[in-house]
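The sequence and the structure are shown below.

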Amino acid sequence: MPKPPVDYANVPLPEVRIMTNRLLSAESTEAVLNAIDKIEHIRQVNMAGESLPATISSGPAKGLPNNHTERKIIHVDGHEVELHCLVGAFYIELEVDDSDMLEAVVKEIREACDKTIADGYTLDIGRYSKYRPTLNDYRSA
């Protein structure tokens with residue numbers, strides 16, 4: 001079996017999960033991501049929410065373009081990002097060495113969320129994403 005291509009594989013880095021009380025607009029999502037982008041020790045940010053496909057996949061309008069007003073391109077740190085969902089959750093993976101650093105980074109994230117998420121949110125610390133292969137990864141197709 002080949003070695004993992006990255007040195008952090010199989011290491012459970014802490015994650016911060018932010019669950020918003022309401023789905024965010026494209027402008028709010030852009031504001032949150034730009035506020036979080038300025039914080040150090042963040043390895044990656046994943047978003048989850050209600051899907052906004054490019055074409056409608058069911059019903060009488062199946063196959064027609066989805067002209068949803070929130071399917072936009074937003075700008076994060078000078079990069080264009082196309083939104084494929086109405087965001088309701090952020091999963092932020094952190095690269096921290098000790099609990100003091102973790103608390104400091106979480107405090108910065110909480111301050112950024114307080115400024116940018118108007119309708120409230122919950123913030124949890126744990127591990128929410130897969131960080132090592134499971135049996136399903138070795139199953140043949």
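Leu-13 is found in the segment before S1. The model is a predicted one. With a relative accessibility of 12%, Leu-13 falls under the 20% limit and therefore counts as buried.

Which residues does Leu-13 contact, once its neighbours within four places in sequence are left aside? The contacts are Arg-43, Glu-93, Leu-94, Glu-95 and Arg-127. By contrast, Glu-30 stands 17 residues from Leu-13 in sequence, and the C-alpha atoms of the two are 25 Å apart in space.

## Pairing of the strands

Strand S1 comprises residues 15-20 and pairs with strand S5, residues 85-94, in the antiparallel sense. Five bridges make up this pairing; Val-16, for example, has Ile-92 of S5 as its bridge partner.

S1 also runs antiparallel to strand S6 (residues 121-126), to which it is joined by six bridges. Glu-15 has its bridge partner in S6 at Gly-126, and Met-19 is bridged to Thr-122 of S6.

In what order do the four strands of the open sheet lie? The order is S2-S5-S1-S6, and the pairing is antiparallel. From one strand to the next, the twist averages 20°.

Helix H2, residues 99-116, packs on this sheet and touches S1, S2, S5 and S6. The direction of H2 makes about 160° with that of S6. As a general point on such sheets, side chains in a regular strand alternate between the two faces.

## Two loop residues with positive phi

Most residues other than glycine have a negative phi. His-41 is not a glycine, yet its phi is positive, near 70°. His-41 belongs to the loop between helix H1 (26-37) and S2. Its relative accessibility is 33%, so His-41 counts as partly exposed.

Asp-77 likewise has a positive phi, in this case near 50°, and is a residue other than glycine. The loop that holds Asp-77 lies between strand S3 (73-76) and strand S4 (79-82). Is Asp-77 buried, partly exposed or exposed? Asp-77 is partly exposed, because its relative accessible area is 49%, and a residue counts as exposed only over 50%.

## The chain as a whole

The secondary structure of the protein chain amounts to three helices and six strands. Along the sequence these elements follow the pattern β-α-β-β-β-β-α-β-α. The C-alpha trace spans about 50 × 45 × 30 Å along its principal axes. Of the contacts between residues at least 6 apart in sequence, 73% join residues at least 24 apart.

Buried residues account for 30% of the 141 residues. The chain exposes about 9300 Å², of which carbon and sulfur atoms supply 50%. The side chains include 15 that are positive and 23 that are negative, and the centres of these two sets lie 8 Å apart.

Terms used
Residues are numbered from 1 along each chain as its sequence is written. This is a predicted model: local features need pLDDT of at least 70, side-chain atom pairs count only at pLDDT 80 or more; totals for chains, interfaces and linings use all residues. Side-chain values use heavy atoms; hydrogens and water are left out. Buried means under 20% relative accessible area, exposed over 50%, partly exposed in between (1.4 Å probe, protein chains only). Contact means heavy atoms within 4.5 Å. Accessible areas come from the Shrake-Rupley method with a 1.4 Å probe; for residues, only the protein chains shown count as cover. Lys and Arg count as positive and Asp and Glu as negative; His and the chain ends are not counted. The place of a charge is taken as NZ of Lys, CZ of Arg, CG of Asp or CD of Glu. Two strands pair if DSSP finds at least two bridges between them. Axes are lines fitted to C-alpha atoms, for helices over the stretch in contact, and angles run from 0 to 180 degrees between N-to-C directions.
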